[in-house]
Amino acid sequence: MATGNSCNPAFVTMGLKIGTEAYYRYLKSFGLMETTGIDLPAEAEGIFANEDSFNSNVVSLAAYSFGQTFNVTPLELIRAQAATINGGYLYTPYLVEQVLDDEGNILSQHETTAVRQVISEETSAKVRECLEWVVSDGGGRNGQVTGYRIGGKTGTADKTGTKDVVVSFMCFAPADDPQYIMLLTMDTPSRTTGTAVFGGTMVAPVASQIMSEILPLLGVEPDYTAEELVGADTTVPNVVGQTREAAEDRLADLGFTFRTVGDGDTVTDQTPAGGAIVPGNASIILYLGQEKPDTPCTVPNVVGKSASEANKAITNAGLIMKVTGTTTASSGNVYAITQSLPAGTEVAAGTVVTVQFGDNSVLD
């Protein structure tokens with residue numbers, strides 16, 4: 001199965017084919033050698049070789065082509081990244097859209113006007129396609145968000161004169177019609193966490209978690225695949241007081257599995273309670289005349305476990321697992337990296353524990 005990987009030699013090859021003069025023009029055109037013009041004071045600029053020196057040094061081109069030996073600010077970088085996916089247009093970023101007086105009259109309004117077009121819309125569409133592939137099948141797969149098409153690019157940059165690095169992940173959504181873009185960086189990350197020090201392993205999982213929380217709040221509707229729909233959040237119906245047959249039919253219609261405790265003909269209680277929001281593949285417990293136990297359940301430690309191992313541990317504890325993070329990986333090396341409730345916490349039966357999975361085998 002083909003995957004999308006970050007390959008420095010490939011970028012060097014492409015850089016050499018572009019040539020020093022054209023490459024330097026693109027650096028300028030993408031705004032990397034100028035302040036962005038954002039409405040903040042004392043904005044810094046990137047640090048680059050001068051044009052004459054660059055054009056006479058093919059080694060600089062090779063290093064520049066995969067992002068080394070020059071410096072850019074995060075704001076310059078995300079501005080350029082946005083231009084690669086928005087149709088090819090470079091814009092001036094801003095914080096304040098409007099200034100109003102005490103009566104609500106508009107004193108000033110930011111006008112969103114492109115500074116210039118850097119690449120064609122056709123090229124930008126191809127870049128979006130490539131960057132979505134990075135997240136779906138490549139080094140950025142830890143940035144996946146169930147129900148959403150995400151594009152992104154990992155980064156791992158050496159800090160000159162030190163043994164430290166800056167790891168990063170840029171992502172945007174929806175990948176076919178970008179509305180939101182985010183750049184996360186981690187400066188001098190710890191090497192003692194057990195997580196490989198790359199943008200794809202350290203930063204992409206954090207980006208996935210953030211995007212999974214903000215996209216619904218921003219009104220971006222999820223679009224689940226048939227496989228994902230099985231685990232999509234669903235509201236548990238209240239079937240207490242219904243006959244066993246009616247309750248089972250209702251749950252089955254909604255896609256829930258279930259098990260019964262007791263041998264009565266009427267549902268006297270249920271876990272989780274009606275109105276709870278749980279993954280659609282959760283198993284509902286119906287109590288048929290038997291009293292529902294009120295003994296709290298203890299959250300197990302599932303970090304480091306595979307999805308099946310984590311699900312078994314959480315289910316055996318009387319809880320429900322919700323999966324976030326990486327959902328597909330050709331490596332088969334997907335393990336739980338965080339859980340929403342700490343191990344040892346005592347909670348009510350049927351509580352949802354969100355477990356984020358990641359692939360620690362990615363190299364960037």
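The model is predicted, so local features need pLDDT of at least 70 and side-chain atom pairs count only at pLDDT 80 or more, while totals for chains, interfaces and linings use all residues. Residues are numbered from 1 along each chain as its sequence is written, and side-chain values use heavy atoms, with hydrogens and water left out.

**View 1. Phe-48 and Phe-70 form a stacked aromatic pair.** Their rings sit 5.1 Å centre to centre, with 15° between the planes. Rings of Phe, Tyr and Trp (its six-membered ring) pair if their centres lie within 6.5 Å, and planes under 30 degrees apart count as stacked, over 60 as edge-to-face and the rest as tilted. Phe-48 belongs to the loop between α2 (20-29) and α3 (51-55) and Phe-70 to the loop between α4 (58-65) and α5 (74-85), so the pair ties together parts that are 22 residues apart in sequence. Helices (H or I, at least four residues) and strands (E, at least two) are DSSP runs, numbered from the N terminus. Phe-48 is buried at 18% relative accessibility, and Phe-70 is buried with a relative accessible area of 18%. Here buried means under 20% relative accessible area, exposed over 50%, and partly exposed in between (1.4 Å probe, protein chains only). Ring pairs join Phe-48 and Phe-70 with Tyr-23, Tyr-24, Phe-54 and Tyr-64 in a cluster; the whole structure holds 7 aromatic pairs.

**View 2. Ser-65 sits in helix α4.** With a relative accessible area of 10%, Ser-65 is buried. Its side chain reaches the backbone oxygen of Ala-62 at 2.6 Å and the backbone nitrogen of Val-12 at 3.5 Å. Leaving aside residues up to four places away in sequence, Ser-65 touches Phe-11, Val-12, Gly-15 and Tyr-23; contact means heavy atoms within 4.5 Å.

**View 3. Ser-168 is part of strand β6 (residues 165-173).** This serine counts as buried, at 14% relative accessibility. Not counting residues up to four places away in sequence, the partners that Ser-168 touches include Lys-153, Thr-154, Leu-183 and Val-203.

**View 4. Leu-40, Leu-95, Val-96, Val-99 and Leu-107 make a nonpolar surface patch of about 460 Å².** Like charges are joined within 9 Å, and nonpolar side chains (Val, Leu, Ile, Met, Phe, Trp, Tyr) within 5 Å. Accessible areas come from the Shrake-Rupley method with a 1.4 Å probe; for residues, only the protein chains shown count as cover. Leu-107 lies in strand β3 (residues 106-109) and is exposed, with a relative accessible area of 56%.

Key: Patch = residues over 30% accessible without salt bridge, like charges linked within 9 Å, V, L, I, M, F, W, Y side chains within 5 Å. Salt bridge = Lys/Arg side-chain N within 4 Å of Asp/Glu carboxyl O. Polar contact = N/O pair within 3.5 Å; in protein donor to acceptor, adjacent residues only side chain to side chain.
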